Amino acid sequence: MRPASLALVLLAACAGSIGGDDTSNPSPDGSGSSGPASAHEFCVTETNRYRTDNGRAPVARSTELEQFADTGAMIDFSGSPHDHFKQTNGGGIAFAENECPHWSLSQQGGGDMNALVAECIAAFVSEGPGGGHYENLMGSYAKLGCGIFQSGGDVTLVQDYGP
């Protein structure tokens, strides 16, 4: 089992995944009811909801990008947003990245990981056309991996987009 965490921040050319080190949560993603796979899947589903509402084709969930994003969320949690993406040049698979670093599960998610994911994605969309996170989310990508890293009540969510 991978530790639960959530990270999501934007880089006009990156993508995301899940991981973490908090063992005090009753479930791996800190939601109390759903595991990390469901938070990862929800991230893609919620992204696709916004994409289709705006006439964009949905993206497919990519396990390869998800693993990359999970690692990025873990590394960026202890560093700076997009460090992993920048240092690896997207790992040769991610072309764009969004990130919500160090979000409070209790404040942004009300204790629910999926609610935190939804709020993070809504923040990207709220930038509107011309905003980097928005443009990544609505970009001409075919695949998405969402990464999550949690330590205590802090979560970093990363979205990594690929061809």
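Colleague: How much of the chain counts as buried?
Modeller: Of its 163 residues, 55%. Buried is under 20% relative accessible area, exposed is over 50%, and partly exposed lies in between (1.4 Å probe, protein chains only). This is a predicted model: local features need pLDDT of at least 70, side-chain atom pairs count only at pLDDT 80 or more, and totals for chains, interfaces and linings use all residues. Residues are numbered from 1 along each chain as its sequence is written, and side-chain values use heavy atoms, with hydrogens and water left out.

Colleague: New topic. How many helices and strands?
Modeller: Six helices and five strands. Both are DSSP runs, numbered from the N terminus: helices are H or I, at least four residues, and strands are E, at least two.

Colleague: In what pattern along the sequence?
Modeller: β-α-β-α-α-β-α-α-α-β-β.

Colleague: And what share of contacts joins residues at least 24 apart?
Modeller: 74%, counting contacts between residues at least 6 apart in sequence. A contact means heavy atoms within 4.5 Å.

Colleague: Where is Asn89?
Modeller: In the loop between α3 (83-88) and β3 (96-104).

Colleague: Is Asn89 buried or exposed?
Modeller: Exposed, at 64% relative accessible area.

Colleague: What about His102's phi?
Modeller: Near 50°, also positive in a non-glycine residue. His102 sits in strand β3 and counts as partly exposed, at 37% relative accessibility.
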